[in-house]
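I set out to look up the salt bridges of this structure and the surroundings of their partners. My entries follow.

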Amino acid sequence: MKLTDRILYHLLYGVLWCISLVPLCLLYLVSDLIAGLLHTVIRYRRRVVRENLASSFPQMSKKELARIERRFYRFLTDYAFETIKMLSMSERTIMRRMKVENPEMVLEAVENNKSVTLLLGHYCNWEWVSSLPLWFIEEQPDAQPAQVFHHLHNLVMGEIFMRIRTRFRSNNIEMAEIMRRLIEWKREDKPSVTGFIADQCPSLDVHLFVDFLNHDTLVFTGPERIARFLDSRVLFCHLSRPKRGYYSLRYVKITDNPKKETTFEITKEYFRMLQANIEEAPQYWLWSHRRWKRTRADFMAFWGDHAEKQLSHL
């Protein structure tokens with residue numbers, strides 16, 4: 001980083017670290033205030049949120065959608081303060097607040113030297129999921145925990161998030177580097193446990209569409225291809241929020257033999273599971289991002305005469 005960026009980083013980090021020392025119960029009071037401002041005064045991406053909710057749940061009344069919308073903004077600001085809290089949160093505290101119901105699903109695999117691919121979405125507090133290594137690393141120190149990330153446009157915030165996401169012993173690896181690292185660990189006979197958040201909007205050179213939340217949705221297939229290469233156990237991370245400040249994660253097995261699965265069935269099952277998880281409590285998904293900004297029509301226009309060939313294997 002440039003000198004000015006380094007100075008800004010240390011200043012911002014210092015401010016956020018001080019905020020992280022404030023008890024969550026007090027931070028939630030501020031969160032409620034900011035949520036109201038974001039929703040009613042600033043109207044942060046309110047049009048995007050409303051369009052996404054209305055198109056995803058056409059069967060719901062305006063009253064039901066409005067209730068989810070308000071709860072979403074409250075969760076969004078909670079998520080921000082909970083993430084800041086990670087800067088000073090102890091391992092014991094994060095394990096108490098981010099509970100794993102069945103850690104044996106990962107432990108059994110790595111004990112048998114089998115890698116694990118974890119699939120999750122932008123649902124509940126996905127940043128707290130970076131604490132999962134704490135549930136297996138003591139018993140299996142050779143296991144290599146990793147999570148895939150994309151660089152943020154803001155370099156300073158990118159460094160702060162890197163600090164947050166690696167606090168609980170996880171390797172934060174850029175998407176362009178993940179295969180190289182996984183191959184290295186495989187050659188060293190070390191099982192890997194790698195988390196992928198795969199519900200973003202991909203570029204048009206990805207060529208799989210699934211029915212997701214009432215949309216014809218373009219999706220990533222990279223995590224499935226990586227799972228096939230590793231022949232890993234593939235688990236979906238089902239998340240819930242029993243009460244404010246507490247999350248529960250339950251692993252749901254998708255497959256133990258990805259090489260034997262029909263092509264793209266893992267990806268399709270992941271999106272089926274994610275949709276079911278979202279429908280349980282819709283307010284906890286990231287409705288403010290433009291998930292469906294690229295359509296099948298955009299895909300067809302991008303590929304032109306080659307579009308049908310790209311989709312012919314589906």
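Entry 1. I looked up R180 and found that this residue forms a salt bridge with E177, with the closest N and O atoms 2.7 Å apart. I note that the model is a predicted one. The two residues lie 3 positions apart in helix α8 (residues 175–187), so about one helical turn separates R180 from E177. I then checked accessibility: R180 is partly exposed at 44% relative accessibility, and E177 is partly exposed at 32%.

Entry 2. I turned to helix α9, which spans residues 222–230. Here I found a salt bridge between the side chains of E224 and R228, at 3.2 Å from N to O. Because E224 and R228 are 4 residues apart in this helix, about one helical turn lies between them.

Entry 3. I looked up D256 next and recorded a salt bridge between its side chain and that of K253, 3.0 Å from N to O. K253 is partly exposed, with 40% relative accessible area.

Entry 4. For the total, I noted that the count of salt bridges comes to 21.

Technical notes
Residues are numbered from 1 along each chain as its sequence is written. This is a predicted model: local features need pLDDT of at least 70, side-chain atom pairs count only at pLDDT 80 or more; totals for chains, interfaces and linings use all residues. Side-chain values use heavy atoms; hydrogens and water are left out. A salt bridge is a side-chain nitrogen of Lys or Arg within 4 Å of a carboxyl oxygen of Asp or Glu. Buried means under 20% relative accessible area, exposed over 50%, partly exposed in between (1.4 Å probe, protein chains only).
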